Amino acid sequence: MGDGFEFVGGTCICENGGKPPHSKKAKWRERRDLRRSETQDPGAKAAPGAPTTQEGNAQEPVTHSLPGALDGPHMSRTKMRLGKAAKMEVGGRAPGVAEWRAECHDLNDPAARRKVLAHRRCHPSTQVMARGLVRPQQLEGFVEDVPGRGRGAGGLRAACEMDQGETMPITEDQLTGTKELIALEEAYGAHNYHPLDVVIERAAGAWVYDVEGKRYLDCLAAYSAVNQGHCHPRILETLIEQAKKVTLTSRAFRNAQLPLLYKELHELTGMEMTLPMNSGAEAVETAVKAARKWGYTKKGIPAGKAEIIVCEGNFHGRTVTVVSFSSDEQYREGFGPFTPGFRIIPFGDAKALREAITPNTCAFLVEPIQGEAGIRIPPDGFLREAAAICREQRVLLMVDEIQSGLGRTGKMFAFMHEGIRPDVLIVGKALAGGYYPVSAVLASKEILGVFGPGDHGSTFGGNPLACAVARTSLRVLIEEKLVERSAELGAYFLEKLRTLRSPVVKEVRGRGLWIGIELTTEARKYCEALKDEGILCKETHSHIIRIAPPLVIQREEIDWAFERIRKVLE
Ligand SMILES: Cc1ncc(COP(=O)(O)O)c(C=O)c1O
C-alpha cells in the first residue's frame, strides 16, 4: 500500500491508498478539484510515463503546493514520490538542455547524495535534502497536510529525471509560502544581507504585498530607488514598449534612446556631458576614474599620485575601490588589499577639508546627506563652503546623489538646498524608477572629456531599454510633481514624528521624505515590530530607523503610518 505522495509539475499528488479519508485530505481534494477545473492542470492526474513507487500505483491523488518548485516555463515536469518505502522522483526540462537522468536511491547514502548534487538542475527540494540541509523528517515544513508516514530518516530514496516530458508550467497557486521561500533563500543564497522576514510578491505605489497576501506600507522604497512608487504604470508602459523594440545594442553601435537621455539630463541638470552606467557603485568608480584622469591630464598631478578626499561615515557602494575608502571596518574586513589614494575627513567639517587638500588632490567626493550612516545632515553651509574651497584649490567637487537625489530630500538634488553647483554629479537608483539599474556620472566636457574610446565602459551602460526607462522615470518625477510632494509631505511627516515621546527615541531628523529616527537602543526589533504592524522600514547602523517611502505616498497614509510608529515606539 502506498502512503507516499508524488509531486507533478510542482504539485504534490498524495497516494493514500486504502486509508480512511483524512480531513486535511478532503481539503486537499477540494483544492485539487478547484485547481483542475480552473486550470485543467495536467499535473492533477498522474503524468503519462510517471514512475510508480515500489508500493503500487497511485490512488486518489491529492494536490499540494510544493515549496521551492521550479517556476516558469522552463519547468517541464516534476515528480516526487515519497512513501513508506520512500521513493522520490523529480524531473524537469529546460528548453535546449540535453536530456539528462540521474538516479539515487537513498539520500542518506553519501554516494547517492553526491550524485544528486552533481545534477545542478535537480529539483531544489531534492538538492536541499541531498545537501543534508533538510532532513527527511523536516519535510513537514515543505509538504504540509500530508499524513506523517514514510518520512523516516532511514527510508528516503530519490530519483531525479529530466526528459522530454510534457510542458507543465507551475501555476501561481503553486507558489510557496513565506517559510518555505525563506528556507530556500537561506539554503541557496549567500548570506550577505539580513532582510526582514517578509517575502514580497507584488507591489503598487507605496504598498507591497507578501506571498500570504498581507500588505505593508513601504517606508524604504528600495533604498530610494522607487521614488516614483512601485510598478509605476507609465514607466511600465515604456519598459514594455521599448522591450518590444530593442533592449541592448552594446555601445559598439548607437541606439535611438541614449542621445535623448543625454539631452534630457543636460536640460535637467545643466551638466554638459553624461556617462551612463548601471549600478551606483559603478558610477562612483567611474567618477573616481574621471577625477584621477582629470587630475593627471588637466591639473598636472604626477602619475600615480592623485588623491581623493572623502568623508568619514561615507557610503558609496561595495566594490573594492569603493570600500577602500570606507570608514566602516565591516565593509573592508577581509577584502584587502585596497586601492590607495584616498583621505578621510570628518563629515561636515570644512576646515578639515581645507587642511586635507594637497597639490595632488584631484577631488572631494561627498554625499550631501549621508543615507547609510543614518540620514546625517551636515551643518548648514558646509556644502557651500566646501564648494568654495574646491573652486579655490582647483579640486573637483563630486556629489554622490545616488540616494539623496531625484526628489528624495524635497529638491531634485540635495546639493540644491545650498544653492551650489558641483563639478561632478553621480546619480542612480530612482533614475529608473526601480525598474532597472541605471546610473550616470554627469560633468563638464573638461572632466568627462578625459575619456577616450576604450578607456572605460560597460556592456549594459546606456542600453536603449535603460535609457527609455530612465527618460520616463524622470518625466514622472517632474510631471507628477514628486519633488514638491517630497518637500511638503516630508515636512509634515517629520513634524509628526518629532512629537513622539519615547524613552528610546534620541533624535528625529530628516529632509524631504528622508527621515532618520535615531534610537538609544538597537533598532532591529522595532523594525520587526513595525513590520507586524504593516510598515516596512529598515534599520541602518544598528540604532537608526530610516524612513524613506516612495514619494507618491499620501498624507492619509502618513497619518496611518504615524499611528503605528507611535504604537511601536512609545
Ligand atoms: C550614496 C550611495 N552611493 C552609492 C551607492 C551604491 O549604489 P548601488 O547599490 O546601486 O551600487 C549607494 C547605495 O545605497 C548609495 O546610497
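Predicted model: local features only at pLDDT ≥ 70, side-chain atom pairs only at ≥ 80, totals over all residues.
Residues are numbered from 1 along each chain as its sequence is written.

The open sheet has the strand order S17-S18-S21-S20 with antiparallel pairing, where strands are DSSP E runs of at least two residues and helices are H or I runs of at least four, numbered from the N terminus, and two strands pair if DSSP finds at least two bridges between them. Strands S17 and S20 stand at the edges with a single partner strand each, so one side of each is left without a neighbour in the sheet. S17 and S18 pair over five bridges in the antiparallel sense, and Val505 stands opposite Leu519 in S18.

| Element | Residues |
|---|---|
| Strand S17 | 505-510 |
| Strand S18 | 515-519 |
| Strand S20 | 538-540 |

Helix H16 (residues 482-497) has buried residues including Leu482, Arg485, Phe493 and Leu497, a residue being buried if 20 or more other C-beta atoms, placed from the backbone, lie within 10 Å of its own. The buried residues of H16 pack against helices H15 and H18 and against S17 and S18, with contact meaning C-beta atoms within 7 Å.

Around the ligand stand 15 residues, the closest being Ser279, Gly280, Ala281, Gly317 and Gln403, where near means a C-beta atom, placed from the backbone, within 6 Å. Helix H9 (residues 280-299) gives the most to this shell, with three residues.

Note on methods: Buried ≥ 20, exposed ≤ 12 C-beta atoms within 10 Å, placed from the backbone. Contact = placed C-beta atoms within 7 Å.
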